[in-house]
Amino acid sequence: MGLKIKNYTQGFKIVSLALDENTKKDLICDNLDFIFINDKSLFLFPEDVNLEIDYELIQELSVRSNYDIYEIWPDGRLFLRFDTTSIDNYFFITGKCNSNCIMCPSPECSRKYGEDIELEKLITFAKHIPSDTSHLTITGGEPFLSGEPIFDFVSLLRDKFPRTEFLFLTNGRIFSIDKYAKLLRKSLPSNSIIAIPIHGSDAEIHDSITQTKGSFEQTVLGIKRLLRYGIRIEVRIVISKMNCTDLDKLSNFIIREMPQIEYISVIAMEMTGNAYKNKERLWISYKEAFSFASEAIKKLISYGIDVKLYNFPLCTVDPSFWMICEKSISPNKVRFGEVCEICDYKKVCGGVFAGTINMEKDELKAII
Ligand code: SF4
């Protein structure tokens, strides 16, 4: 069950958590709203209101970390939005997207009618995040859909987090317009990667996957503009039945057209949202996906382009590729099968998405 403050009447708030006097002093100095646990009571600052003496809630919050960030909703529910101990923290800018990828893990309704997060709320959230945070991801939907205002927010991130590593997830189409590529160059934190998917070696394949005519041309032009401005690019390839036989041509395209990219991520699907709805047209097993990808990966590496494998359990990948396998699934989404309990490699394996485990549990084989 979620966390809730009974009889809460203070309205919506974004608050940091303070578990000791030093953190409390620090948050007061920074002029931030926060909740503070003291003597088995929960106080809201700066109002200094005693909110709650519910023992279970106090217990739950006491084992969290200083500087974690929560949203408190008007009905008193608490949602963790920033976990100080995690390297998976993110800003969700909007649920909307100008593409409609057939294998998107979000449902179509979220991309058409999804929530836009107010800029003010994003700024408040950013003010609460400690400036020595190691990694932040900017995601959506399509985070740059709102156009110019989002670049002011990116500038704010650049100024507040000079040492943080940023990952921006975008379909890259907006950067086919030079004005936006220039705005990004101007506002981008120095330690940033822009991750952009290419789904096929030509418009026919790519646009059939994004279900958006003209998206291939815009994405490729966007990547080339950003590269010209010295911006670091990760190209993402999500493997499905619709592009698995195109991977050799796609690797040739990347080697020929954009060899300066930082690296390529070859990604197994997350079977939720649109992906689950279209699973008959999309799904191939991990082993099939890997066997289609392996020659293309070898070729890319031989041309000096780094490759990472995301979302593949180790037992579905040839051991000679394990060194490029990343533990890429967020802790709240990762699942393991029964067979994993006896596997010697469970600790270093990235496991399987919660949305995929039931489809593929027979494919997993313990490595002993
Ligand atoms: S059996 Fe489970 S833990 Fe072992 S490699 Fe496969 S998925 Fe990973």
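**Exercise 1. Is glycine 222 buried or exposed, and what does glycine 222 touch?**

Solution. Start with accessibility: glycine 222 has a relative accessible area of 0%, so glycine 222 is buried (under 20% relative accessible area; 1.4 Å probe, protein chains only). This is a predicted model, where local features need pLDDT of at least 70, side-chain atom pairs count only at pLDDT 80 or more, and totals for chains, interfaces and linings use all residues. Residues are numbered from 1 along each chain as its sequence is written, and side-chain values use heavy atoms, with hydrogens and water left out.

Then list contacts (heavy atoms within 4.5 Å). Leaving out residues up to four places away in sequence, glycine 222 touches Gly172, Phe175 and Ser176.

**Exercise 2. Compare the span of H8 with the expected one, then find its packing partners.**

Solution. H8 covers residues 215-228, 14 residues. The expected span is 1.5 Å times one less than the number of residues. First C-alpha to last, H8 reaches 20 Å, close to the 20 Å expected. The buried residues of H8 include Phe216, Val220, Ile223 and Leu227. The buried residues pack against H6, strand S11 (192-197), helix H7 (203-210), strand S12 (233-239) and helix H9 (247-257). After H8 comes glycine 230, with a positive phi near 75°.

**Exercise 3. Which residues of H5 meet H6?**

Solution. From H5, take Glu148, Phe151, Val154, Ser155 and Arg158. Their partners in H6 are Lys179, Tyr180, Leu183, Leu184, Lys186 and Ser187.

Methods: Helices (H or I, at least four residues) and strands (E, at least two) are DSSP runs, numbered from the N terminus. Buried means under 20% relative accessible area, exposed over 50%, partly exposed in between (1.4 Å probe, protein chains only).
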